[in-house]
Amino acid sequence: VWRRQLAAAIERGLADAEAAADEETLHLTVGFADQVGFTRLARRMEEAELAALVERFESRSADIVVAAGGRVIKTLGDEILFVASDPAEAAAAGLALLSAHERDESVPRVRIGLATGTVVARRGDVFGTTVNLASRLTALARPDSILVDDRTAQALADAEGLSLRPLTPRAVRGIGLVRPVVLSAR
């Protein structure tokens, strides 16, 4: 029994070492794009229709994010998580996502949240306060809009063709007081 416990402990130690080697801290802009009213819509659809809707949203969104210079981390059916090394790339992806989905009446309206900061990248996923903030901003955003955090707004302040409109600060669960900024194209 002791030998088995020792072997299991060694295995766990090796797995932890591999996981730590695969983990890195990065400075990125994180974005979430969420389909508004998806759950309600999904209840009224047949399975084949729902699968087609999800496939259309995911593939179109992934193409748009990659074309803007970002990287798709994962899709969650009605939501896509993406990152970009530059806030301007993330903003371009967000604006392109809004535009493409506004023109397509077969998919629900979209709302987007962007946040810039440090993330932990591990095994193809990202974690941390910046990811949580982007998610919370998405939940606060109105349909067909993009909310960004202060860091992202500051990085985009001098960008041509963009409009930034600060909103009233809001308490955000798990984060604290946040001052969301509405991002739009001029």
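The expected span of a helix is taken as 1.5 Å times one less than its number of residues, where helices (H or I, at least four residues) and strands (E, at least two) are DSSP runs numbered from the N terminus. For the 17 residues of α4 this gives 24 Å, and the end C-alpha atoms of α4 are 24 Å apart, which agrees.

The structure is a predicted model, in which local features need pLDDT of at least 70 and side-chain atom pairs count only at pLDDT 80 or more, while totals for chains, interfaces and linings use all residues. Residues are numbered from 1 along each chain as its sequence is written, and side-chain values use heavy atoms, with hydrogens and water left out.

Buried residues (under 20% relative accessible area, with exposed over 50% and partly exposed in between, for a 1.4 Å probe and protein chains only) in α4 are P87, A90, A91, A93, G94, L97, L98, A100 and H101. The axes of α3 and α4, which are lines fitted to C-alpha atoms over the stretch in contact, with angles from 0 to 180 degrees between N-to-C directions, come within 9 Å and cross at roughly 140°. Where the two helices meet, with contact meaning heavy atoms within 4.5 Å, α3 supplies F57, R60, S61, I64 and V65, and α4 supplies A93, A96, L97, A100 and H101.

A100 counts as buried because its relative accessibility is 9%. Leaving aside neighbours within four places in sequence, A100 is in contact with R60 and I64, and its C-alpha atom is separated by 9.8 Å from that of V110, 10 residues apart along the chain.

**The nonpolar cores**

A nonpolar core is a set of buried Ala, Val, Leu, Ile, Met, Phe, Trp, Tyr and Cys residues joined through side-chain atoms within 4.5 Å. The largest one has 24 residues, of which F82, L97, I112, L114, I146, V148 and L183 touch the most other members. Its largest share, 6 residues, comes from α4. Apart from this core lies another, of 20 residues, including L81, A134, L137 and V178.

**Pairing of strand β10**

Two strands pair if DSSP finds at least two bridges between them, and the table lists two antiparallel partners of β10 (residues 181-185).
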